[in-house]
Amino acid sequence: PTPLDGWGAVYKRMADTVIALIALILLSPLFVLIAIVIKLDSRGPIFYKSRRVGRRKHFIGVLKFRSMVQNADELKGQLQDESHRTDGPLFKMKDDPRVTRFGKLLRRFSVDELPQLWNVLRGDLSLVGPRPHLPEEVEQYTDFQKRVFAVKPGITGLTQISGRSNLQFEEEVRLDLQYIEEWSPWRDYWILWRTIGVVLKGEGAD
């Protein structure tokens with residue numbers, strides 16, 4: 001049991017829906033501009049859907065603005081040994097050659113993540129929660145690490161405001177579990193506020 005069981009989950013879902021809807025409406029002109037630049041910058045679709053593991057290990061399709069070349073998933077296998085994350089199952093690479101010119105700017109300020117507001121509106125994600133990871137990464141989790149699937153994953157969370165890619169994987173898990181165990185509405189608002197500052201500074205972005 002967590003604070004996010006029962007009425008906590010109801011309140012969080014209501015807040016997610018209202019905030020995501022308002023944000024999508026306000027950001028719609030920016031979405032159009034980004035879509036145009038993506039099409040001009042490189043070949044391929046505007047959006048990229050990434051298959052991730054969500055609450056109770058159900059699969060979800062996480063939406064992003066495409067920031068990589070069209071065949072990025074096919075090239076990943078060739079770059080697996082280049083990951084700078086050697087402490088856990090996550091693949092992170094500095095100066096990833098698959099990232100497009102415009103994609104570097106999108107990723108530096110996490111703008112590529114904005115379409116996930118639609119995932120929040122659909123109920124796949126929350127605004128705040130543990131980050132959803134790839135199925136092949138989750139296969140390497142220990143039973144203890146799988147406790148993060150007790151709640152719905154989020155666009156941002158304690159990990160994102162505490163170092164992002166600069167953190168060790170074990171520290172990421174510890175922060176995610178701390179969030180789950182100590183959740184409150186005010187903590188969500190605090191994390192969202194802190195996220196704005198972290199994103200504007202480009203801290204810990206790959």
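**Figure 1. Contacts across the predicted protein chain.** Among contacts (heavy atoms within 4.5 Å) between residues at least 6 apart in sequence, 72% join residues at least 24 apart. The model is predicted: local features need pLDDT of at least 70, side-chain atom pairs count only at pLDDT 80 or more, and totals for chains, interfaces and linings use all residues. Residues are numbered from 1 along each chain as its sequence is written, and side-chain values use heavy atoms, with hydrogens and water left out.

**Figure 2. Secondary structure of the protein chain.** Seven helices and four strands are present; these are DSSP runs, helices being H or I of at least four residues and strands E of at least two, numbered from the N terminus. Along the sequence the pattern reads α-β-β-α-α-α-β-α-β-α-α.

**Figure 3. The buried side of helix α3.** Within α3 (residues 101-108), Phe-102, Gly-103, Leu-106 and Arg-107 are buried, that is, under 20% relative accessible area with a 1.4 Å probe, protein chains only. These residues lie on the same side of α3 because they cover an arc of only 135 degrees around the axis, the arc being that of the directions from the helix axis to the C-beta atoms. The cover over the buried residues of α3 includes α1 (7-41) and β2 (59-65).

**Figure 4. The exposed side and the end of α3.** Arg-101 and Lys-104 are exposed on the other side of α3, exposed meaning over 50% relative accessible area. Ser-110 follows α3 and has a positive phi, near 55 degrees.
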